[in-house]
Amino acid sequence: MYANSSPVSSTQTDIHEHLFTLVDKHVRTRFHKPVMPYNTEAFERSMAAWVKAGSPPLILDAGCGVGLSTLHLATLYPDHFVIGVDQSADRLSRKTLWSGTPPENCMTVRADLVDYWRLMHAAAVRPARHYILYPNPWPKQGQLARRWHGHAVFPTIVSLGGELECRSNWRLYIAEFAAALGRLTTKTITCEAYIATSPITPFEQKYTASGHDLWRCRVSLG
């Protein structure tokens with residue numbers, strides 16, 4: 001199952017012509033979507049766990065899936081506290097293969113990231129590191145607004161600050177993400193090839209075994 005993944009297929013061959021128009025619109029327009037109660041509960045529970053751990057530097061693993069990346073990040077950064085967030089209770093409930101005792105400096109919660117990001121921002125909680133690993137690429141030309149960099153919540157993501165990193169097996173997704181970041185920060189951010197010598201997510205394992213090229217962009221947002 002780890003070597004049969006098909007590459008992303010899309011008729012789009014370059015950065016979407018409406019990307020900057022959409023990003024600019026989202027900067028100018030207030031996002032009014034109501035926050036759902038279950039997301040508030042999840043946020044408050046995760047914040048309580050973080051505070052109980054002593055409020056060390058925080059890492060947000062956005063869209064953590066089964067939580068394998070959350071465990072890896074907690075091991076890589078033992079002096080941080082890692083919160084993995086995913087909207088799927090089914091994914092979070094699956095047994096994650098992990099060798100040895102799981103690290104204690106992490107947790108996962110079920111929440112809609114759109115609400116969770118906004119709750120973090122409203123509470124002035126700023127992650128030291130922020131990972132968006134292999135998000136749904138929404139590869140159709142008309143699906144730009146479903147990609148995180150085309151979503152109304154994107155300015156909030158950027159305003160959270162920290163060391164932000166996004167990875168994908170679709171170069172164009174990362175090129176767009178980097179361009180949208182550059183639009184909001186005036187920084188020069190590049191799409192770079194990435195070799196996962198030690199994959200930290202099931203998708204990263206699968207794409208690597210399938211021979212896909214992997215891509216990432218990184219930026220220090222302060």
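A polar contact is a pair of N or O atoms within 3.5 Å, and within protein one of them must be able to donate a hydrogen and the other to accept it. The legends below describe close-up views of a predicted model.

**View A. The N-terminal end of helix 5 is capped by Asp-112.** A side-chain oxygen of Asp-112 lies 2.9 Å from the backbone nitrogen of Val-114. The helix itself covers residues 113-122.

**View B. Helix 5 is mostly covered.** Of its 10 residues, eight are buried. These are Leu-113, Val-114, Asp-115, Tyr-116, Trp-117, Arg-118, Leu-119 and Met-120. The buried residues pack against two other helices, helix 2 (37-52) and helix 6 (154-159). They also pack against strand 1 (58-62), strand 2 (81-86), strand 3 (106-110) and strand 4 (129-133).

**View C. Ala-124 follows helix 5.** The phi angle of Ala-124 is positive, near 60 degrees.

**View D. Helix 1 crosses helix 7 at roughly 45 degrees.** Helix 1 spans residues 19-28 and helix 7 spans residues 171-185; their axes come within 10 Å. The crossing is right-handed.

**View E. Residues of helix 1 and helix 7 form the contact between the two helices.** Helix 1 contributes Leu-19, Phe-20, Val-23, Asp-24 and Val-27. From helix 7 come Glu-176, Ala-179, Ala-180, Arg-183 and Leu-184. Seven of the contact residues are nonpolar and three are charged, with no polar ones.

How values were computed:
Residues numbered from 1 in each chain as written. Predicted model: local features only at pLDDT ≥ 70, side-chain atom pairs only at ≥ 80, totals over all residues. Heavy atoms only, no water. Buried < 20%, exposed > 50% of the residue type's maximum accessible area, 1.4 Å probe, protein only. Helix = DSSP H or I, 4+ residues; strand = E, 2+ residues; numbered from the N terminus. Contact = heavy atoms within 4.5 Å. Axes fitted to C-alpha atoms, helices over the stretch in contact; angles between N-to-C directions. Left-handed = near helix turned anticlockwise from the far one by under 90°. Nonpolar A, V, L, I, M, F, W, Y, C, P; charged D, E, K, R; others polar.
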